[in-house]
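Subject: Structure for you to look through

Dear colleague,

Please find below the structure that I would like you to look through.

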Amino acid sequence: MQRGSGFTLLELMVVMAIVAVLATLGAPNFRDLLLNQRLVAAAQAFNAALSLARTEAIRRSASVSVVPSAASNWSAGWTVVTLQDDPQALETLRRFEALPEGVGVDASLGDGFAQGVRYDSNGFSRRAANAAFGGGCLTLKADTGRRASIVMSASGRARVCNPDERGDCGTGACGKSARKNDDG
């Protein structure tokens, strides 16, 4: 009797068991990697919105704001709008989607741009309430515990940093001493 080449059922079952064990061990790490990448993408998207607003404010020589899509809820997304002479007439420049699943706003760190984000015609950031120069910070947090902060200096320049690494966001106090260390 001639023996054929290939795998026996027993060999195939052993290989499948090994693959199943490796997949079980690797799945949580892959999920964390995916959530951390979503966090980075969301932080970069918010930073891009701030950059677009600043550029458009200078280009149009008019005020441009970044506003939450839902009242004071950055998690629902944000929109870059120009402010016309009539406060009711907002021109939408770009809409950004809601934060991805597994990523949210960390209200425990920074002011979350509670005063709003507005750029004047010179590209300087202003507080929405009193038109004073204003920086700020918004911190996003993934379900993995990793955080990313978008820190904006009073000059309007925004950057993304990790508030959990000393020196990256200043002393880790997003929106407080981090602004002092920002070279703006």
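I begin with Asn47, which is found in helix H1; helices here are DSSP runs of H or I with at least four residues, strands are DSSP runs of E with at least two, and both are numbered from the N terminus. Please keep in mind that this is a predicted model, in which local features need pLDDT of at least 70 and side-chain atom pairs count only at pLDDT 80 or more, while totals for chains, interfaces and linings use all residues. Residues are numbered from 1 along each chain as its sequence is written, and side-chain values use heavy atoms, with hydrogens and water left out.

Asn47 counts as buried because its relative accessibility is 16%, where buried means under 20% relative accessible area, exposed over 50% and partly exposed in between, with a 1.4 Å probe and protein chains only. Not counting residues up to four places away in sequence, Asn47 touches Ile150, Ala158, Arg159 and Val160, contact being heavy atoms within 4.5 Å.

S8 is largely enclosed by the rest of the structure, because 6 of its 6 residues are buried. Arg147, Ser149 and Val151 point one way from S8, whereas Ala148, Ile150 and Met152 point the other way. In a regular strand the side chains alternate between the two faces of the sheet. S8 pairs with strand S9 (residues 158-161) in the antiparallel sense over 4 bridges, and strands count as paired if DSSP finds at least two bridges between them. In this pair, Ile150 stands opposite Val160. S7 and S8 also run antiparallel, joined by 6 bridges, and here Leu140 stands opposite Ala148 in S8.

Leu140 leads us to the largest nonpolar core, which has 26 residues, and Leu140 is among those with the most contacts inside it, including also Phe46, Leu50 and Trp78. Such a core is a set of buried Ala, Val, Leu, Ile, Met, Phe, Trp, Tyr and Cys residues joined through side-chain atoms within 4.5 Å. H1 gives the most to this core, with 8 residues.

Leu83, in strand S2, is partly exposed, with a relative accessible area of 32%.

With best wishes
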